[in-house]
Amino acid sequence: MIVPFLDLSAVNAPYREELKEAFARVLHRGWFIAGAELEAFEQEFAQFCQTKYCVGVANGLDALILILEGYKLMGKLKEGDEVIVPGNTFIASILAIYKAGLKPILVDPEETSYNLSLENVHLVTTNKTKAIMAVHLYGQCADAIRLREFCDQNGLLLIEDAAQAHGAIIENKIAGSIGHAAGFSFYPGKNLGALGDGGAITTNDAELYNILMAYRNYGSEKKYHNKYKGLNSRLDEVQAALLRVKLKYLSQDNKIRNQLATQYKTYIQNPLITLPNVLQDRCHVWHLFVVRCKQRDELATHLREQGIHTAIHYPVSPNRQEGYPELQNAFIPLSERLHEEILSLPMSPVHSSDEVQYVSYVINEFNLKKAITDNQYFF
């Protein structure tokens, strides 16, 4: 059996006719930037995230940059302020902080969830700390409720990087509604994926919303009148129309991901494999199903030889990236170990139970003789 890691053609196939209709609607209207489709999507996505406002932007990185720049314009951040961020995140979280003229402070995550550790946040918070960026990694919310409480008590901003967490929930609060603002990515492989690039910001802050609506459009509230030194970062009409179609099915698709994840967790029984942990107060949406294995590269080769495609999210920690020499002294030993051990298994709404069973069977075959030898209690 061949099991692809992700087949975007198959993922979008169930919506093909509706996607064609949405594209035809935009084509017929002849309005391609900042029109009715974007306005409608912003309203619908804000409603989905249970927030007052949504601002569609060009991509997930821009979403984070704009949030930070918006708070600078509001006087809540200034050049050089420190932003705490997990050390095992995708580089976009850290890049956004730099692009906004701020300083990232890397901390290790919780080992239970791989998400931001409030305990470690306490250890690095100083009078220079002005914001925390909580990344909802792999589709499970970080401890955002307690992080928000900590931020409110200490006059800090909580920014959610929700790029992998469309629809994730913690204590009945949905990702994107917990922090002061949140950035989303609609990269094609996300749970809510565009057919190109796209992103959005959600917030309940009216002042931030008004600033960002102008900032994403060259800093212009009125055409040719520029209030800010902004960006050209707009979610276009075509992508907004396509996302409106897929948003209708997001909750349904997330349920399928949950079913497949439950099957993985039931079928995989190999002492060399550490399965992901779902905390009791969370609803995971399984953007990725990530296991740990000290023999990660050998496991990936074993799976590939049996026709199973995998991926690594992510192979190199931020403090080991060539473009970030200033981070090389960051003390994030768990993050570095995770980058060496994690492996993402096939996961999407169009993967089948048979595929999950096959992947699990092949994983259970991996190095099993050695595992039994090393663990005497199996005899």
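Reader: Two strands count as a pair if DSSP finds at least two bridges between them. With that settled, how many bridges join strand 4 to strand 5?

Author: In this predicted model, five bridges join strand 4 to strand 5, residues 157–161, and the two run parallel.

Reader: Which residue in strand 5 is the bridge partner of Val-135?

Author: The partner of Val-135 is Asp-161.

Reader: And how many bridges are there between strand 2 and strand 4?

Author: Strand 2, residues 82–86, pairs with strand 4 over three bridges, also in the parallel sense. Within that pairing, Ile-84 is placed opposite Ile-132 of strand 4.

Reader: Is strand 4 mostly buried or exposed?

Author: Strand 4 spans residues 129–135 and is mostly covered, with six of its seven residues buried.

Reader: Which helix belongs to the β-α-β unit with strand 4 and strand 5?

Author: That is helix 7, residues 144–154; together with strand 4 and strand 5, helix 7 makes a right-handed β-α-β unit.

Reader: Changing topic to the helices: at what angle do helix 4 and helix 5 pack?

Author: Helix 4, residues 60–73, and helix 5, residues 91–99, pack at about 35°, and their axes are 9 Å apart. The crossing of helix 4 past helix 5 is right-handed.

Reader: Which residues meet there?

Author: Helix 4 contributes Leu-61, Leu-64, Ile-65, Leu-68 and Glu-69, while helix 5 contributes Ala-92, Ser-93, Leu-95, Ala-96, Ile-97 and Lys-99.

Reader: How many of the residues in that contact are nonpolar?

Author: Eight residues of the contact between helix 4 and helix 5 are nonpolar, one is polar and two are charged.

Terms used: Residues numbered from 1 in each chain as written. Predicted model: local features only at pLDDT ≥ 70, side-chain atom pairs only at ≥ 80, totals over all residues. Heavy atoms only, no water. Buried < 20%, exposed > 50% of the residue type's maximum accessible area, 1.4 Å probe, protein only. Helix = DSSP H or I, 4+ residues; strand = E, 2+ residues; numbered from the N terminus. Right-handed = clockwise from strand over helix to strand, strands pointing away. Axes fitted to C-alpha atoms, helices over the stretch in contact; angles between N-to-C directions. Left-handed = near helix turned anticlockwise from the far one by under 90°. Contact = heavy atoms within 4.5 Å. Nonpolar A, V, L, I, M, F, W, Y, C, P; charged D, E, K, R; others polar.
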